[in-house]
Amino acid sequence: MDYERYLNETGIGRKPSPIRSQHAKLVSMGPEDDVIYLSGGMPNHSTFPAVKATFQLRDGSSIELDHNATKDALQYDASPGFKELLNWIYELQRQVHNPPTYNNDKHPGEMKCIMTNGAQHGLSLVMGNLVCKDDICLMESPAYAGAISVLNPLEPKMIPIDTDKHGIIPSELRKVLSRWNPLKIQQPGKDGPKLLYCVPTCGNPTGASLTLERKKEIYELAREYKFLIIEDDPYFYLRSKPYVPSFLSMDTDGLVLRMDSVSKVVSAGIRIGVLTGPAPLIDTFTCNLETSVQHTSGLSQQFLLALLKKWGYEGFFANADKMSAFYEKMKYECLEAARNHLQDVAEWDEPEGGMFLWIKLKVMDANPVVEKLMEEKNVFVAPGWYFTLDSKPCPYIRVAFSNTTYENMNKAFESLAQVIKKYKSENE
């Protein structure tokens, strides 16, 4: 596998930072090594204003960062992430996904992980080092607005792949791929697609989840046509068990770059994500980290590590189940509110889980309705064109039910129905 052919010129040009590489060696050593470090410009920890931190948890218990943990949290650390936290994440990925590339140093795409400042940061690292102008990028349609925004300045040729309530339709993907001869693809992006982007679980904006059968078919097409799968999966743990196996879990060829996030199962504000994929590509993204943010917030990493150690893997999965049940309840309340007010003016499919309801209004273009809804009723929803590649009139809206109440959803949908009916009477 020649991974360099997937990189753009910026990615190819990235080399490890000598000073950061030396620092990574330092943080991997222990007190017993009796190191005298005079190389890097590390602030003296005695000048840090905080010496310990305590976090009160919702269950009444607490976690404490002692003097050493707080000192480490406030100091520079290795760019890939705190070693102990990374080890915890590696084991989590093994338990949940166990890809063929895990701990497989004979595979050219051996699995590797780095910590990022949220899944969106991971997405930016991936696209910023892979994609260049006119590269062919396949996008599920509709697509996550954040992915479109990352790609637009890079000016690739984004090709939409139709979806339904179960995500990407493999026959539609195969139809698009039929324009290329897989035997003649030597330079992904130019003589064939470079990547396929999707949110496979409880998708954003649709709430759709790919089935295992579809994932297997899509992965085989990736193998045939030699494109990477960008598996952006922040809602993975918000779907009821059993979890549908990920693209990473079936990645025999080292073609999957996966983004995970703790935003939905711990906290959004601590800005921690995980980027997992083939080591040669992850090493390139690490070089990017070294010369940009250097590493994810030390305080956030130490807090997360302490929380995960308190929970253990069993506690982590129990919390994920709790989050899934919480948002499932919110989903059913949203669906009930929609049935109460919108059946005459809109239609929708029940999402598998997650945080969103994708609603098709019975109008040609939802955007004027959305604008009137904001202006006249102070109700905010996302118009569907945010999630399309061409920004043409779109009858859909995305509703986020994750951070509201049943009463507010009823009020919002009642207002939406009123605005739709008024708009239709004035324009149709």
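Predicted model: local features only at pLDDT ≥ 70, side-chain atom pairs only at ≥ 80, totals over all residues.

**First stop: helix H2**

Select residues 18-27, which form helix H2. Show the side chains of Arg20, His23 and Leu26, which are buried. These residues lie on the same side of H2, because they cover an arc of only 110° around the axis. Now turn to the other side of H2, where Pro18 and Lys25 are exposed.

**Second stop: helices H7 and H8**

Select helix H7 (residues 170-177) together with helix H8 (residues 212-225). Their axes come within 10 Å and cross at roughly 15°. H7 and H8 are therefore roughly parallel to each other. The crossing of H7 past H8 is left-handed. To view the contact, display Pro170, Leu173, Arg174 and Leu177 of H7, and then Arg214, Glu217, Ile218, Leu221, Glu224 and Tyr225 of H8. Of the residues in this contact, 6 are nonpolar and 4 are charged, while none is polar.

Select Leu123, which is found in helix H5 (residues 119-130). Is this residue, Leu123, buried or exposed? Leu123 has a relative accessible area of 0% and is buried. Among the residues that Leu123 touches are Tyr144, Tyr197, Ile230 and Met259. Val150 is also touched by Leu123. Finally, select the C-alpha atoms of Leu123 and Val150: they are 7.9 Å apart in space, although the two residues are 27 residues apart in sequence.

Key:
Residues numbered from 1 in each chain as written. Heavy atoms only, no water. Buried < 20%, exposed > 50% of the residue type's maximum accessible area, 1.4 Å probe, protein only. Helix = DSSP H or I, 4+ residues; strand = E, 2+ residues; numbered from the N terminus. Arc of directions from axis to C-beta. Axes fitted to C-alpha atoms, helices over the stretch in contact; angles between N-to-C directions. Parallel < 35°, antiparallel > 145°, perpendicular 65-115°, else oblique. Left-handed = near helix turned anticlockwise from the far one by under 90°. Contact = heavy atoms within 4.5 Å. Nonpolar A, V, L, I, M, F, W, Y, C, P; charged D, E, K, R; others polar. Lists of a residue's contacts leave out its neighbours within four places in sequence.
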